[in-house]
Amino acid sequence: MEPLLEVKNLKLQNQSVTIDKLKLFSFFILFLFSCQPVIKVKTIDMNWATFDLDLPNGIEVFQGINKYIPLKAWVAIIDLENINITAKILSSNDVDGVETPSSFLDNNNAIVVLNGGYFITDNRSAKHVGLLKTSGILREPASPSLIKEDLRYYISRGAFGLKENGSPDIAWASTYNDSIFEWDRPIANRPGYPNKLISNKSRKHWNVNGALHAGPVLISDGEIDITVEEEVFFNTPIAGVQPRSAVGYTKENKLILMVVDGRQPDSRGVYLEELAIMLKYFNCHEAVNLDGGRSSAIVADTRLLNRPSGLTSQREVMSAIGIFYKKV
């Protein structure tokens, strides 16, 4: 081997060793970070600032950063009083039933897209976990019950819906045949004690053109009201610190779409209680938790704003909330 080639190869080898060391160091830091106890906080100052995007009037996006917790989050505020702006529940039209939020945005000519409800998938197709209704068509009914630790729990989980006039609503919902019902309160389950006295008197028809199940509910009637146990999310990762997506609305008919990054050194993710605090800051009258983890993603102005679990790629999801602007 010629001396010049030897020097080049030596440099390449050293560079490769350096990269491997950096990767190992990064993994070690992330490992240490993940092993530290996560303290739940009661106040969160996110220093919200306008995020520079080319969006029409009535749609604003803010980024929030807290270096001490640490957290990074994005929120889109949608003025549904603006006659040019509409929101829709979307479901994937792909063969496998899932697609990325960016694909939802491009395929539907939306201007903002947030990932939606929970789903499970195999090698062939996806199945939505609970209610999914789009464009007036019931794609998936709600699951009436589930088995947890050998006990059957009847459930009415939190759902986000859009009425015929386009206004948002959040309810504890269930389905019967093709009808959707809402409950004044979720079925009163507790860990190890499923509610066996279920009365249908407290339910009523929920007239929505589109809806998706997720949960749990975070805010009800303007107050933080996290129904983890009633909706049977106890003893699951959903109750812990996670990357999050959520949707809420104000009394002034403003839709609030929020994403909080997690599993990163500069953004640990949040508990449900912390997510509710952040949503309360924007005066949400009602709010509900959506699918989180790698699914948490918000796309606006053709850009992925956050980093799902620290990555720049997007997980394919089954449902989404899309925001549309009709140019006059």
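Biologist: In which strand does Ser91 lie?

Modeller: This is a predicted model, in which local features need pLDDT of at least 70, side-chain atom pairs count only at pLDDT 80 or more, and totals for chains, interfaces and linings use all residues. Residues are numbered from 1 along each chain as its sequence is written, and side-chain values use heavy atoms, with hydrogens and water left out. Helices (H or I, at least four residues) and strands (E, at least two) are DSSP runs, numbered from the N terminus. Residues 85-91 form the strand that holds Ser91, namely β4.

Biologist: Is Ser91 buried or exposed?

Modeller: Buried means under 20% relative accessible area, exposed over 50%, and partly exposed in between (1.4 Å probe, protein chains only). Ser91 has 17% relative accessibility, so Ser91 counts as buried.

Biologist: Leaving aside neighbours within four places in sequence, which residues is Ser91 in contact with?

Modeller: Contact means heavy atoms within 4.5 Å. With neighbours within four places in sequence left aside, the contacts of Ser91 are Phe104, Leu132, Thr134, Arg139, Met318 and Ser319.

Biologist: Which strands do the buried residues of α2 pack against?

Modeller: Helix α2 covers residues 101-108, and its buried residues are Pro101, Ser102, Ser103, Phe104 and Leu105. They pack against β4, β5 (112-115), β22 (298-300) and β24 (319-325).

Biologist: Why is the pair of Tyr118 and Phe233 described as it is?

Modeller: Rings of Phe, Tyr and Trp (its six-membered ring) pair if their centres lie within 6.5 Å; planes under 30 degrees apart count as stacked, over 60 as edge-to-face and the rest as tilted. The structure holds four aromatic pairs. In the pair of Tyr118 and Phe233, the ring centres are 6.0 Å apart and the planes are at 55°, so the pair is tilted.

Biologist: How many residues apart are Tyr118 and Phe233?

Modeller: Tyr118 is in the loop between β5 and β6 (119-121), and Phe233 is in the loop between β18 (223-224) and β19 (244-249). The pair links distant parts of the chain, 115 residues apart.

Biologist: Over which residues does pLDDT stay under 50?

Modeller: pLDDT is the predictor's confidence in each residue, from 0 to 100. The mean pLDDT of the chain is 90, and 88% of its residues reach 70 or more. Where pLDDT is low, the predicted coordinates should not be read in detail. The stretch where pLDDT stays under 50 is residues 1-34.
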